[in-house]
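Here are my notes for when you next open this one in the viewer. Skim them in any order, with the coordinates loaded alongside.

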Amino acid sequence: MNKLDDFQVVDRTTWQAIEPHTIFTKQQLEKLAQTFPMFDPTEIKVIYQPLMALLELKLAIQSKQMQQFSTWYPKINAQPFVIGIAGSVAVGKSTMAALLAAALKIIFPNLQTELVSTDSFLYNNAYLDQNDLMQAKGFPISYDTASFIAFLKAFKQRQTNLKIPIYSHQKYDILTNQQQLVNNADILIVEGINALQRVSKDEMPVDLMDYKIYIDADEKIIEKWFLERFERLVKEATPNTYYYQFQADLNVGRSLAKNTWHSINGVNLHRYIGPSKINANLILIKGPNHHLEAVAFKKY
Ligand SMILES: Nc1ncnc2c1ncn2[C@@H]1O[C@H](COP(=O)(O)OP(=O)(O)OP(=O)(O)O)[C@@H](O)[C@H]1O
Ligand SMILES: CC(C)(CO)[C@@H](O)C(=O)NCCC(=O)O
């Protein structure tokens, strides 16, 4: 049986009609559109408002439940709400995660939101090189999943001042001299290609997440976004960054990027990332221009 039978597909028109677009005021919508110029403002209004309405509902349910629990068991803290966002390399996870974080801040001004990328848990290039894993960068074996799980557990227990590594696309590596400080917060958005993967029987970060979103698109379109982003990173590169070397001959870079898609990121999508979409509560299916075409809800 096709596992996607477990999802109910809703087309764009139906999705737009789910919610009457009253989550944000006109001014709040304008502010979001200004802060996120890469998004078509109409998408924020008609597509992301229903999504925020859904998340608001989920968060309200969890927060009520936790308030109740805390009266039953005074020593148990209300657990933070963790939103996982997965999808292919370059499908737009970090861009969407940043929009959701800003939108949640508007809806719940008193709740703190933290945003992390699972790339923070990639092994550094020195380790990948030593273990002959550079061609498997992004595959499950290239992530320190135990540290990722330990971080999620610590966050869920509201530990303060957690420090995690930072991955830089510009450096193409984990930064050696900086760390991300993650504070105790009510909401965590965790985005990354492996966010929803079931790595082994014992290691399941996905089980520590309260709402799971998978961003999907046709592979040909994602490959195009990947190549466009590669060119943008080359254009914006400064000396001492990974992409700077390709400024001398962009064609060399372009052919390396194409090859990288077919030998690493595309393989990763087929083998590991795509199969994790069945763990999502919601699949957002984007078309060219990043416009939403359809949404798939987990039925059960
Ligand atoms: N909604 C959107 N509208 C327009 N462009 C977008 C949108 N989302 C993402 N993009 C563009 O698509 C490219 C990939 O986006 P992004 O970096 O967010 O992907 P990602 O899934 O986080 O990638 P990675 O897994 O490599 O970290 C970027 O160039 C980004 O500007
Ligand atoms: C950092 C990851 C693994 C995921 O964000 C990805 O962007 C990546 O670098 N993959 C390795 C192949 C490449 O794109 O160069």
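1. Ground rules. This is a predicted model, so to speak of local features pLDDT must be at least 70, side-chain atom pairs count only at pLDDT 80 or more, and totals for chains, interfaces and linings use all residues. Residues are numbered from 1 along each chain as its sequence is written, while chains are lettered from A and ligands numbered from 1 in the order in which they are written.

2. The annotated stretch. UniProt, in an unreviewed entry, puts the feature "domain: Phosphoribulokinase/uridine kinase" at residues 82-227. Positions are in the numbering used here, the feature names are shortened, and such annotations may be inferred rather than shown by experiment. Over residues 82-227 the chain is 29% helix and 27% strand, with the end C-alpha atoms 31 Å apart. Helices (H or I, at least four residues) and strands (E, at least two) are DSSP runs, numbered from the N terminus.

3. Strand 2. Have a look at residues 81-87: 7 of the 7 residues in strand 2 are buried. Buried here means 20 or more other C-beta atoms within 10 Å of the residue's own, exposed means 12 or fewer, and partly exposed is in between, with C-beta atoms placed from the backbone. In a regular strand the side chains alternate between the two faces of the sheet. Both faces of strand 2 are covered, with Phe81, Ile83, Ile85 and Gly87 on one side and Val82, Gly84 and Ala86 on the other.

4. Its partners. Strand 2 runs parallel to strand 6 (residues 187-191), joined by 5 bridges, and Ile85 stands opposite Glu191 there. Strand 7 (residues 211-217) also pairs with strand 2 in the parallel sense over 5 bridges; Ala86 has Tyr214 as its bridge partner in strand 7. Pairing requires that DSSP finds at least two bridges between the strands.

5. The core. Which residues touch the most other members of the largest nonpolar core? They are Ile83, Ile85 and Ile189, out of 55 residues. A nonpolar core is a set of buried Ala, Val, Leu, Ile, Met, Phe, Trp, Tyr and Cys residues joined through C-beta atoms within 7 Å. Beyond four places in sequence, the contacts of Ile85 include Lys93, Met96, Ile189 and Ile213. Contact means that two C-beta atoms, placed from the backbone, lie within 7 Å.

6. Ligand 1. There are 15 residues around ligand 1, and Gly92, Lys93, Ser94, Thr95 and His290 come nearest. The elements giving two or more residues to this shell are helix 4 (93-107) and helix 7 (219-236). To be near a molecule, a residue needs its C-beta atom, placed from the backbone, within 6 Å of it. The shell divides into 7 nonpolar, 5 polar and 3 charged.

7. Ligand 2. Around ligand 2 you'll find Val89, Asp119, Lys137, Gly138, Ile193, Thr260, Ile264 and Asn265. That shell comes out as 3 nonpolar, 3 polar and 2 charged.

8. Strand 9. Strand 9 (residues 292-298) runs antiparallel to strand 1 (residues 7-11) through 5 bridges, with Val10 opposite Val295. Another 5 bridges join strand 9, again antiparallel, to strand 8 (residues 282-286). Strands 8 and 9 form a hairpin with 5 residues between them, and Asn289 in the turn has a positive phi of about 70 degrees.

9. Positive phi elsewhere. Ala90, in the loop between strand 2 and helix 4, has phi near 70 degrees. Ala90 counts as buried because it has 20 C-beta neighbours inside 10 Å. Asp132 sits in the loop between helix 5 (125-130) and helix 6 (145-156), with phi near 55 degrees. Asp132 has 8 such neighbours inside 10 Å, so it counts as exposed.

10. Two more residues. Phe230 is in helix 7 and counts as buried because 21 C-beta neighbours fall inside 10 Å. Leaving out residues up to four places away in sequence, Phe230 touches Gly253 and Ala257. Leu181, in strand 5 (residues 173-182), counts as exposed because it has 10 C-beta neighbours inside 10 Å. Leu181 and Leu162 are 19 residues apart in sequence and 5.7 Å apart in space, C-alpha to C-alpha.

Technical notes. Nonpolar A, V, L, I, M, F, W, Y, C, P; charged D, E, K, R; others polar.
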